[in-house]
Amino acid sequence: GDIPTIQSVLDEVGGGIFAELDFETEARHIRRFDALYAKRLAELGVVVPKVDPSLTSPRVLATEWIDGTPPRSLPDAERQALARTAVRCLAMQLMSDGFIHCDPHEGNLLGLPDGRVALLDFGLMAQMRRDHQEAMASGVLNIMAENYGALEEVFKGMGVLNTQVDDLRRDGVDEPFSDAIRRCMTGGAADERARNLIQDDDGGDRRRAFGQLYEELGELAFSYYFTIPSYYILVMRAFVTLEGIALANDGDEFNMYEATAPYARRTLLTPRTAGGRALLRAAFLSSGGRRA
């Protein structure tokens, strides 16, 4: 595998568009989403509209009416609270059953009078593989720990790096991938990028958000052997969208990694795949085989 062709990207987007036009499919998405996450959604304060199957057809979707306020019409504090709830909800989906609402833009979110958040429009969904979930969880925690050397194996586990080549570097590239990802994460590429760092409570500087990492990885794809699976594009797009809402009035206070970390820790500590178990061992042991 290599960087996806334009045709493969068009096929993915086109398939999603046609799926969104079938409202019985969307109705099934809503019912499955609610069945999987009902208890967790209630704990988070997230509401999903109920479907009326008697009135739903391939061309008509009938759901309950939800009265709420679009995010851009909310006061700043309420808008930030809505975005934080939506980010936690997305992290919960990503790190639990992996059935993900991939289109959480401002038109698909409503703030309710009681502080809860309504999530609408279930046409564009993705199902994560467990090994990809566990690798992404490890990535979040390694980034927070500034353990950037571990990210090469993490990205291989996510299906983002080509595992069939001995050297990830393309022709003419001298810098090892591990050095390149460290440079991207710590702002060493350019002074302008350094301004996109956040200093956390532990004093460590790192990229403040998934959006920045997504942009940096897109640039690295031209120098190293990336595959960029379709789920990755959809999931990262969802995080970047919510991040934009959260950061609109929140300055540097919002950190997507910290918002996702509790769910990532739970996923990494309960691995179900061989790759996930290997990542867990790596998290607890040093390279010499001793406890870190």
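Predicted model: local features only at pLDDT ≥ 70, side-chain atom pairs only at ≥ 80, totals over all residues.
On the α3 side, the residues in contact are Val87, Arg88, Ala91, Met92 and Met95. They meet Met256, Ala259, Thr260, Tyr263, Ala264 and Thr267 of α10. Sorted by type, the residues of this contact are eight nonpolar, two polar and one charged.

Helix α3 also packs against α9, which spans residues 230-247. Here the axes cross at roughly 160° and come within 8 Å. Angles over 145 degrees count as roughly antiparallel, and α3 and α9 are therefore roughly antiparallel to each other. Their crossing is left-handed. From α3, the contact takes in Arg79, Gln80, Ala83, Ala86, Val87, Leu90, Ala91 and Leu94. From α9 come Val235, Ala238, Phe239, Leu242, Ile245 and Ala246. The residues of the contact of α3 with α9 comprise 12 nonpolar, one polar and one charged.

Helix α10, residues 256-269, has a further partner in α4, residues 130-144. These two helices pack at an angle of about 130°, and their axes are 8 Å apart. That angle makes α4 oblique to α10. The crossing of α4 and α10 is left-handed. Arg130, Gln133, Glu134, Ala137, Ser138, Val140, Leu141, Ile143 and Met144 are the α4 residues of this contact. Their counterparts in α10 are Tyr257, Glu258, Thr260, Ala261, Ala264, Arg265, Thr267 and Leu268. This contact holds nine nonpolar, four polar and four charged residues.

| Helix pair | Angle | Axis distance |
|---|---|---|
| α3 and α9 | roughly 160° | within 8 Å |
| α4 and α10 | about 130° | 8 Å |

Some residues take part in two of these contacts. In α3, Val87 and Ala91 meet residues of α10 and are also in the contact with α9. In α10, Thr260, Ala264 and Thr267 meet residues of α3 and also residues of α4.

The model has two cavities of 30 Å³ or more. Which element gives the most to its lining? Helix α3 does, with five residues. Both α3 (76-95) and β4 (117-119) supply at least two residues of that lining. The lining consists of Val46, Thr85, Ala86, Cys89, Leu90, Gln93, His101, Pro104, Leu109, Val117, Leu119 and Leu242. By type, these are nine nonpolar, three polar and no charged. Ala86, Leu90 and Leu242 are among the lining residues, and Ala86 and Leu90 of α3 and Leu242 of α9 also belong to the contact between those two helices.

Definitions and conventions: Residues numbered from 1 in each chain as written. Heavy atoms only, no water. Axes fitted to C-alpha atoms, helices over the stretch in contact; angles between N-to-C directions. Helix = DSSP H or I, 4+ residues; strand = E, 2+ residues; numbered from the N terminus. Parallel < 35°, antiparallel > 145°, perpendicular 65-115°, else oblique. Left-handed = near helix turned anticlockwise from the far one by under 90°. Contact = heavy atoms within 4.5 Å. Nonpolar A, V, L, I, M, F, W, Y, C, P; charged D, E, K, R; others polar. 1 Å grid on protein atoms, 1.4 Å probe; cavity = no way out; pocket = protein on both sides within 12 Å on 5 of 7 lines; lining within 4 Å. Points joined across faces, edges and corners; volume = space filled by probe spheres on them.
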